[in-house]
Amino acid sequence: MSEELTLKVKKMIIDSLRIEGTAPDDIDDDAPLFGDGLGLDSIDALQLVVAMEKEFGVVVPDAATGAKVFASVRTMAGHISENLK
Amino acid sequence: MNCWIFPGQPVSFTERVEHNGYFEEIARACRAMTGFDPLCPDSDGADITESVKLQLYGTVASLSCCAELRDKGEKPDTIACHSMGIYPALAASGSIDRQAALELTFSFGVALSSMRTKGEYALGCVTGMEEKRLAEIARKSGVFIANRNTSRHFLLAGEKAKIVAALEMSEASGAFSARIYPCDAPLHTPLLRETTQKLKMIASGHVFVEPNIPLFEPLTQNRLTAGRIPSFLVDEICRPVFWDRTYMFLKGIGVSEFTEIAFSPLLSKFNRWIDNEL
């Protein structure tokens, strides 16, 4: 998975969730996004679904899939790489 | 123009690990009045339900955030609220004091919890679905849309078995998520009409003065007056909340800055979603 894609994913997270005072470098590739990590919740998850579809054309159909895809930046980038058309 | 926005009941107590002096002071007042200690929410000091504890916790959290902001010299131009956020919102508007906000939260919560003797109820949080389809599912299942928060974030309320069925149908129909939450009573539905006499008596036992900061309610986006507050408190329990309409209304009257009066953002996330759709 390319560093370029990882950076794009981090920027997408920051922009779509309007996270202030956080730069892409501040987000660890493997840190959990939900719970103890960035502290995201189900509302954020849906926002990321929409952003991912808009930016990459990649769909996350339900919350169960979302739980796996949004585990970390690395898993998000992995899902995008696998499903990018 | 800025607006302080007060969310409704939180879904958990875990929203802030460290409590400050403002929270501690109001939590002590809550414990003295109700037996429930928001500083130790899991303790068994109060003979009240989990829902009432959460409602009190939300009010204490909002009142403490409010006190902290006031001490910093901040003041809202307008106030708005969602669901049970009305009680601390009334205090922030100057219509009642903190003690009355705690009393109202407690009394309404306890009165609503009496619904538990009539049946088992639940709330269902559905995201990612269009309202039209969800309304159809709600109708078929015999439950109600209690909150329309954005075009894709809804809360259902009703009998537990029917909520379970509605959530299964929602998932099968493409909802992104559908989660159930326990509750004492089906808030914001006509099923609560039978409790209104008790609620009217509680509301009539309080004195409401004219809010000195404009306070807008989330049902019809009207400005609350002292005379209308008692009936609104009863009415809002039986009618759905429309947060997206409220947010758009506030923007329409010139509000450009929103401050959520709570430990963690919820309404702000709905606002972000609504803004993204504009």
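1. Polar contacts between the chains. Across the interface of chain B and chain A, 7 residue pairs are in polar contact, both residues of each pair being at pLDDT 80 or more. The model is a predicted one. On the side of chain B that touches chain A, helix α10 (residues 267–277) of chain B supplies the largest share, 6 residues. By class, that side of chain B divides into 5 nonpolar, 5 polar and 4 charged residues.

2. Extent of the interface. 14 residues of chain B contact 15 residues of chain A. The area buried between the two chains is about 1,300 Å². Carbon and sulfur atoms give 58% of that area. In chain B, the residues that lose the most area to chain A are B:F176, B:R272 and B:W273. Together they make up 55% of what the chain B side buries.

3. Salt bridges across the interface. The count between chain B and chain A is 4. One pair to inspect is A:D44 with B:K269, which form a salt bridge. Their closest N and O atoms are 2.5 Å apart.

4. Salt bridges overall. Over all chains the count comes to 23. Within chain A, the side chains of A:R74 and A:D30 meet in a salt bridge, at 2.6 Å from N to O. A:R74 lies in helix α4 (residues 73–83) of chain A, while A:D30 lies in the loop between α1 (3–16) and α2 (42–56) of chain A, so this pair ties together parts that are 44 residues apart in sequence.

5. The parallel sheet of chain B. Here 4 strands form an open sheet, in the order β7-β2-β1-β9, with parallel pairing. β7 (215–216) and β9 (257–260) of chain B stand at the edges with a single partner strand each, so one side of each has no neighbour in the sheet. Strand β1 (residues 2–6) and strand β2 (residues 78–81) of chain B run parallel and are joined by 4 bridges. Within that pairing, B:C3 stands opposite B:T78 of β2(B).

6. Which strands does helix α3 (residues 86–93) of chain B lie across? The strands are β1, β2 and β7 of chain B. Helix α3 of chain B runs at about 170° to β2(B). Helix α9 (residues 243–252) of chain B lies across β1, β2, β7 and β9 of chain B. Its angle to β2(B) is about 170°.

7. The mixed sheet of chain B. Another open sheet has 5 strands in the order β6-β3-β5-β4-β8, and its pairing is mixed. β6 (177–183) and β8 (241–242) of chain B are the edge strands, each pairing on one side only. Strand β3 (residues 121–127) and strand β5 (residues 153–159) of chain B pair in the antiparallel sense over 7 bridges. The bridge partner of B:C125 in β5(B) is B:L155. Helix α5 (residues 131–141) of chain B packs on this sheet and touches β3, β4 (144–148) and β5 of chain B. The direction of helix α5 of chain B makes about 145° with that of β4(B).

Terms used:
Residues numbered from 1 in each chain as written. Chains lettered and ligands numbered in written order. Predicted model: local features only at pLDDT ≥ 70, side-chain atom pairs only at ≥ 80, totals over all residues. Heavy atoms only, no water. Contact = heavy atoms within 4.5 Å. Buried area = accessible area lost by both parts, 1.4 Å probe. Polar contact = N/O pair within 3.5 Å; in protein donor to acceptor, adjacent residues only side chain to side chain. Helix = DSSP H or I, 4+ residues; strand = E, 2+ residues; numbered from the N terminus. Nonpolar A, V, L, I, M, F, W, Y, C, P; charged D, E, K, R; others polar. Pairing = 2+ DSSP bridges. Axes fitted to C-alpha atoms, helices over the stretch in contact; angles between N-to-C directions.
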